[in-house]
Amino acid sequence: MTNLLSNITPTLLMGPGPSCVFDEVYAALARPTLGHLDPYFISIMDGIKTHLQTVIGTKNNVTLPMSGTGSAGMETCFVNLIEKGDKVLVLTNGVFGKRMEDIAARLGAIVDVLECEWGTAFVPANVEEQLQKHGPYSLVAIVHAETSTGVCNPVQAIGKLVKSTGALFLVDCVTSLGGMPVTMDAWQVDALYSGTQKCLSCPPGLSPVSFSEQAVAKLLARKTKVPNWYLDLSMIINYWEGKTRAYHHTAPINMLYGLYAALDCVLQEGLPAVYERHLAVHKQLIAGLEKLGLAMYVQPEHRLPMLNTITLPAGVDEAKVRQRLLREHSIEIGAGLGPLAGKIWRIGLMGHTARAHNVEKVLAALAACIA
């Protein structure tokens, strides 16, 4: 019988995620599996928590990776912080804002939506007007780095506005964490979630989450149980804190090894250097795309360094180009989602992928495929 795994060959992952994985992470994944209550494994858990606090920019005690991808982190925040009848505002300018709307509505929240045009960022004054005219809200949610469009939203400015109303502020940092500055405490964010497979360059499977003291107080004061047992932080906290650890579910041991190694790689390089590397290759990519006659979808002031959206040239079959990139050059890039399907390409420069030689490869391959 053929072992299908033996036929896997390396692909240069330059889509919206996953990204290329650090060698140190692959080595960590292969380490011997320990028990989830083993004292040495608990020390690794503590190390992960400390590393995450540094990368997220927080002193929050409740900072931990949830078992599941970034969508599990999104759902964790909503199911723990929303009860039926809570009034919630979701700021939407892409696919992942839409997902927030859906989850909040499924939980029985009264959901208001403030939407701006896809490909543009929110104007804080418009958010302030919404808060004043239609609040108060229990929770306000936004995506920092909207992966579907390549837009960076002004989270810091909006955080000040939300905090003044007393609402909890929830931010999706799935694409931004580890690739650009994220300072949760300084931005007055109460709940944040991310994913391992993007700028942290670890395989998909974990979702870092952090809750402020105000968010934890909201959780502990619930009138009803958290509706999702697996994602119930009121129980999971007891596994990640204290001298004695209470079993909740079996932790993904080796994935947590991988996350520890990925965070260590990021911190060994140094956060300022990591951010500068992402910005440098972003500029390199844009310069190369302009030489090919390709235009960016997002205006310069709102672009993400790690997720670049390119307007599709007239007469080009975007799917065929992506297929040729994969088949002939072993390079993966992403297509547009929702209303942007067939209109843009998405090129990811995330984590270990964000290297100058990778930009050179994708530019040369694109030139050949478009020609």
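Buried means under 20% relative accessible area, exposed means over 50%, and partly exposed lies in between. The model treated here is predicted.

## Exercise 1. Classify T63

Solution. 
- Step 1. Look for a polar partner. The side chain of T63 makes a polar contact of 2.9 Å with the side chain of S210.

## Exercise 2. Follow the contact to S210

Task: Which side chains make polar contacts with the side chain of S210, and at what distances?

Solution. 
- Step 1. S210 belongs to strand β10, residues 206-211.
- Step 2. Check burial. The relative accessible area of S210 is 0%, so S210 is buried.
- Step 3. Take the T63 side chain. Its polar contact with the S210 side chain is 2.9 Å.
- Step 4. Take the N60 side chain. A polar contact of 3.1 Å links it to the side chain of S210.
- Step 5. Widen the view beyond neighbours within four places in sequence. S210 is in contact with I56, T58, N60, V62, T63, M184, D190, A191 and L192.

## Exercise 3. Describe D317

Task: Where does D317 lie, and what does its side chain reach?

Solution. 
- Step 1. Find the element. D317 is in the loop between β11 (307-311) and α11 (318-329).
- Step 2. The relative accessibility is 41%, so D317 counts as partly exposed.
- Step 3. Trace the side chain. The D317 side chain reaches the backbone nitrogen of A319 at 3.1 Å.
- Step 4. Compare chain and space. D317 and I370 are 53 residues apart along the chain, and their C-alpha atoms are separated by 9.0 Å.

## Exercise 4. Describe Q130

Task: Is Q130 buried or exposed, and which residues does Q130 touch?

Solution. 
- Step 1. Locate the residue. Q130 lies in helix α5, residues 124-134.
- Step 2. At a relative accessible area of 11%, Q130 is buried.
- Step 3. List the contacts, not counting residues up to four places away in sequence. Q130 touches L89, D112, L114, G135 and Y137.
- Step 4. Take a distance across the model.

## Exercise 5. Check the backbone

Solution. 
- Step 1. Start with P18. A cis peptide bond joins G17 to P18, with omega about 5°. P18 lies in the loop between β1 (12-13) and α1 (23-29).
- Step 2. Go on to P136. The bond between G135 and P136 is cis, with omega about 0°. P136 lies in the loop between α5 and β5 (139-143).

Task: What are the phi values of S201 and S330, and how accessible is each residue?

Solution. 
- Step 1. Take S201. Its phi is near 55°, a positive value in a residue other than glycine. S201 is in the loop between β9 (191-193) and β10. At 0% relative accessibility, S201 counts as buried.
- Step 2. Take S330. Its phi is positive, about 55°, although S330 is not a glycine. S330 is in the loop between α11 and β12 (331-332). Its relative accessible area is 31%, so S330 is partly exposed.

## Exercise 6. Judge the whole chain

Task: How many helices and strands does the protein have, and how does its radius of gyration sit against the globule rule?

Solution. 
- Step 1. Count the elements. The protein has 12 helices and 14 strands.
- Step 2. Compare the radius. The radius of gyration is 21 Å, close to the 21 Å from the globule rule for 371 residues, so the protein is as compact as a globular protein of that length.
- Step 3. The C-alpha atoms fill roughly 60 × 55 × 40 Å along the principal axes.
- Step 4. Check burial. Buried residues make up 56% of the 371 residues.
- Step 5. Check contact range. Among contacts with a separation of 6 or more, 72% join residues 24 or more positions apart.
- Step 6. Check the surface. The accessible surface is about 15,600 Å², and 56% of it belongs to carbon and sulfur atoms.
- Step 7. Check the charges. The mean positions of the 30 positive and 31 negative charges are 2 Å apart.

Note on methods:
Residues numbered from 1 in each chain as written. Predicted model: local features only at pLDDT ≥ 70, side-chain atom pairs only at ≥ 80, totals over all residues. Heavy atoms only, no water. Helix = DSSP H or I, 4+ residues; strand = E, 2+ residues; numbered from the N terminus. Rg over C-alpha atoms; globule rule 2.2 N^0.38 Å. Buried < 20%, exposed > 50% of the residue type's maximum accessible area, 1.4 Å probe, protein only. Contact = heavy atoms within 4.5 Å. Areas by Shrake-Rupley, 256 points an atom, 1.4 Å probe, with all protein chains shown as cover. Lys, Arg positive; Asp, Glu negative; His and termini not counted. Charge placed at Lys NZ, Arg CZ, Asp CG, Glu CD. Polar contact = N/O pair within 3.5 Å; in protein donor to acceptor, adjacent residues only side chain to side chain.
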